[in-house]
Amino acid sequence: MQLKTFVVLASLLVLTTFNSYSAIKPKSASKPNILLILVDDLGWQDVSYRGSNYFETKHIDRLAETGVMFNNAYAPAANCAPSRACIISGQNTPRHGIYTVGSSERGKSINRKLIPVVNSTVLADSVVTIAEKLKSAGYNTASMGKWHLGEDPCSQGFDLNIGGSHAGHPKSYFSPYKNAALKDGPDGEYLTDRLTSEAIDFIKSSATESEQPFFLYLPYYTVHTPLQAKAELIKKYEQKSGCIGRNDAIYGAMVESMDDNVGRLLACLDDCGISENTLVVFFSDNGGIANISSQYPARAGKGSYYEGGIREPLIMRWPSVFPSGKVIDQQVSGLDFYPTFMAIAGVKPDTKQILDGESLVKLITKDKDLKRKALFFHFPIYLQAINPETDQARDPYFRTTPGSVVIKGDWKLHVYYEDNERELYNLKDDPGESTNLVNTYPEVAEALNKQLVDWLNETDAPVPTTLNPEYQKK
């Protein structure tokens, strides 16, 4: 991108953020507290307010009823590390280079037609994170739970780290945890309960001992594997009927334990008298694992760029400013959190760092449409299959092969780099992405592809083109 263009875009981002903030008139003169709850691998259909009769999430349901619900919210990526990197940096995957967990050469080499691009596993220090910007504005910052973007979130703007490291999942959900960043509790203590207790202590301390607002990032390890839950809740779910693909008793028990702890957090905010001026965001990093919990009617699950891998439950509640019980159908992304938080905190974005999301403030408070043209996803690597039947992938060896996706309105285009094939779906008519319309509406596919190519060029996204010699020997 040319320097002149960069400067213009950066200036527009500053103006957009501050124009958003000017529309906010909270009842309290103080800056709002921000609580970002990020659940790990929680699927779009794994909460009862979305219509599930198996999972019981009464506290999340109450949060939805008193907050703003988003029907078309998307994770920035389909698996853990890249999605978190996007949320924390406000940048899409080509800008930070984190596309997956560990190596980009996932699955058997003999089945990989292309040599994937190199994957980064640590968020670079040069990236200005949400926490760094809020800290510079006077916020107390804490991260409690799964970090996954390096060894210590305190190197990225957090004052306090509890339980976070490069690890992508816990060794045990019951103490002893074998986690160097978390002291063991009493034998049998449950990890989700413990992280919530630590969060409550932080909230109470901030509310009573500090005049500063807080930013609490609470990335629960749950409901990621290993599947481990409290015995009494497992027994409860074993006695529930469920349905095909949505009847795992241990997983159901983990979801309910997570919900119980969301209830504890909301009660703490009430008890401290700070609910009115606290923004609570509830989200998941990617879709549910398809062979543990079906995301039907969405196709596939975690690791896939079909809807089951990237559609997420999203709730935002800020009682002094946001309307209660509002439902928004416009497509939004986890990339939007960074500019939204900057807007409500009155913080100028860094002009040296492009943000790929938009503030949601005016969408929520004034029904003003977002300016972006489309949502984009880029995955220039491989991710091995878990179960070919439940993965619902186009390739039996991989959940995802190198490709990119663009979503604009009802239309969604997948582009695959191994064979230069395209898939076009109308999400309104076909949420399960079962009927490829690329030959029926070639003009739509071509227009979306042009937008995608322009975006790839704008972000200098790497596209794999080199053939894998080992594959050629097949």
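Visitor: Is Tyr54 buried or exposed?

Guide: The model is predicted, so local features need pLDDT of at least 70 and side-chain atom pairs count only at pLDDT 80 or more, while totals for chains, interfaces and linings use all residues. Residues are numbered from 1 along each chain as its sequence is written, and side-chain values use heavy atoms, leaving out hydrogens and water. Buried means under 20% relative accessible area, exposed over 50%, and partly exposed in between (1.4 Å probe, protein chains only). Tyr54 has 3% relative accessibility, so Tyr54 counts as buried.

Visitor: What kind of aromatic pair do Tyr54 and Phe55 form?

Guide: Rings of Phe, Tyr and Trp (its six-membered ring) pair if their centres lie within 6.5 Å; planes under 30 degrees apart count as stacked, over 60 as edge-to-face and the rest as tilted. By this rule there are 21 aromatic pairs. Phe55 is buried at 2% relative accessibility. Its ring and that of Tyr54 are 5.3 Å apart centre to centre, with 75° between the planes, and the pair is edge-to-face.

Visitor: Is Ser143 buried or exposed, and which residues does Ser143 touch?

Guide: Ser143 is in strand 3 (residues 140-144); helices (H or I, at least four residues) and strands (E, at least two) are DSSP runs, numbered from the N terminus. At 0% relative accessibility, Ser143 counts as buried. Contact means heavy atoms within 4.5 Å. Not counting residues up to four places away in sequence, Ser143 touches Pro153, Phe158, Leu160, Asn161, Ile162, Tyr217 and Pro219.

Visitor: What does the angle make helix 2 relative to helix 8?

Guide: Axes are lines fitted to C-alpha atoms, for helices over the stretch in contact, and angles run from 0 to 180 degrees between N-to-C directions. Helix 2 (residues 58-66) packs on helix 8 (residues 249-271) at about 50°, with the axes 7 Å apart. Angles under 35 degrees count as roughly parallel, over 145 as roughly antiparallel, 65 to 115 as roughly perpendicular and the rest as oblique. Helix 2 is therefore, relative to helix 8, oblique.

Visitor: How many nonpolar, polar and charged residues does the contact of helix 2 with helix 8 have?

Guide: Helix 2 contributes Lys58, His59, Ile60, Arg62 and Leu63, and helix 8 contributes Met258, Asp259, Asp260, Val262, Gly263 and Leu266. Ala, Val, Leu, Ile, Met, Phe, Trp, Tyr, Cys and Pro count as nonpolar, Asp, Glu, Lys and Arg as charged, and the others, Gly among them, as polar. By class, this contact has 5 nonpolar, 2 polar and 4 charged residues.

Visitor: What does the angle make helix 6 relative to helix 8?

Guide: Helix 6 (residues 191-209) and helix 8 pack at an angle of about 10°, with their axes 10 Å apart. Helix 6 is therefore, relative to helix 8, roughly parallel.

Visitor: How many nonpolar, polar and charged residues does the contact of helix 6 with helix 8 have?

Guide: On helix 6 the residues are Thr192, Asp193, Thr196, Ser197, Ala199, Ile200, Ile203 and Lys204, meeting Met258, Asn261, Arg264, Leu265, Cys268 and Leu269 in helix 8. By class, the contact has 7 nonpolar, 4 polar and 3 charged residues.

Visitor: How far is the charged end of Arg299 from the centre of the ring of Tyr306?

Guide: A charge sits over a ring if NZ of Lys or CZ of Arg is within 6 Å of the ring centre and within 35 degrees of the ring normal. Arg394 sits in this way over the ring of Tyr416, 3.9 Å from its centre. For Arg299 over the ring of Tyr306, the distance is 3.8 Å.

Visitor: How far apart in space are Lys113 and Gln384?

Guide: Lys113 lies in the loop between helix 4 (93-96) and helix 5 (130-136) and is partly exposed, with a relative accessible area of 25%. Beyond its neighbours within four places in sequence, Lys113 contacts Tyr382, Glu418, Thr466, Leu467, Asn468 and Tyr471. Lys113 and Gln384 are 271 residues apart in sequence, and their C-alpha to C-alpha distance is 13 Å.

Visitor: What is the phi of Asp41?

Guide: Asp41 lies in the loop between strand 1 (33-39) and helix 2, and is buried with a relative accessible area of 1%. Its phi is a positive value in a residue other than glycine, near 70°.
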